[in-house]
Amino acid sequence: KYVDCANTILSYTWGYEIKVIVLTLVAKCETNGLDMKKTYIWICCLCNNQHRISDSEVLFGVFRETFHSTATGVGRLCQ
């Protein structure tokens, strides 16, 4: 019911409070006339384990390609 293919992406920078993120997403929906019940957000920090990159478990090039292909596919992959 609350899960679907992402149609919006949020590239998150560590340090923002959850309240700020929620208010920003609500404002985006309101500004763009989006139905909040049908807006699905892909949040990079929740979908990519960025700690693996800093720990050198994954080569940066592999991470970049995975991130790029996923991020550029948001809103198109599931249609």
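Reply: Let us begin with a definition: accessible areas come from the Shrake-Rupley method with a 1.4 Å probe. For the chain in this predicted model, that surface comes to about 6300 Å², of which 58% belongs to carbon and sulfur atoms.

Me: Why is Thr 39 called buried?

Reply: A residue counts as buried when its relative accessible area is under 20%, and Thr 39 has a value of 13%, so Thr 39 is called buried. Of the 79 residues of the chain, 24% count as buried.

Me: Where is Thr 39 placed, and which residues does Thr 39 touch, not counting those up to four places away in sequence?

Reply: Thr 39 sits in the loop between α1 and β2 (41-43), and, with residues up to four places away in sequence left out, Thr 39 touches Asn 7, Thr 8, Cys 29 and Leu 34.

Me: What makes the pair formed by the backbone oxygen of Asp 35 and a polar atom of the side chain of Thr 39 a polar contact?

Reply: The cut-off for such a pair is 3.5 Å, and the backbone oxygen of Asp 35 lies 2.8 Å from a polar atom of the side chain of Thr 39, so the distance is within the cut-off.

Me: Which elements of the chain have the highest and the lowest mean pLDDT?

Reply: Helix α1 (residues 18-32) has the highest mean, 92, whereas helix α3 (residues 50-54) has the lowest, 65. Where pLDDT is low, the predicted coordinates should not be read in detail.

Technical notes
Residues are numbered from 1 along each chain as its sequence is written. This is a predicted model: local features need pLDDT of at least 70, side-chain atom pairs count only at pLDDT 80 or more; totals for chains, interfaces and linings use all residues. Side-chain values use heavy atoms; hydrogens and water are left out. Buried means under 20% relative accessible area, exposed over 50%, partly exposed in between (1.4 Å probe, protein chains only). pLDDT is the predictor's confidence in each residue, from 0 to 100. Helices (H or I, at least four residues) and strands (E, at least two) are DSSP runs, numbered from the N terminus. A polar contact is a pair of N or O atoms within 3.5 Å; within protein, one must be able to donate a hydrogen and the other to accept it, and residues adjacent in sequence count only if both atoms are side-chain atoms. Contact means heavy atoms within 4.5 Å.
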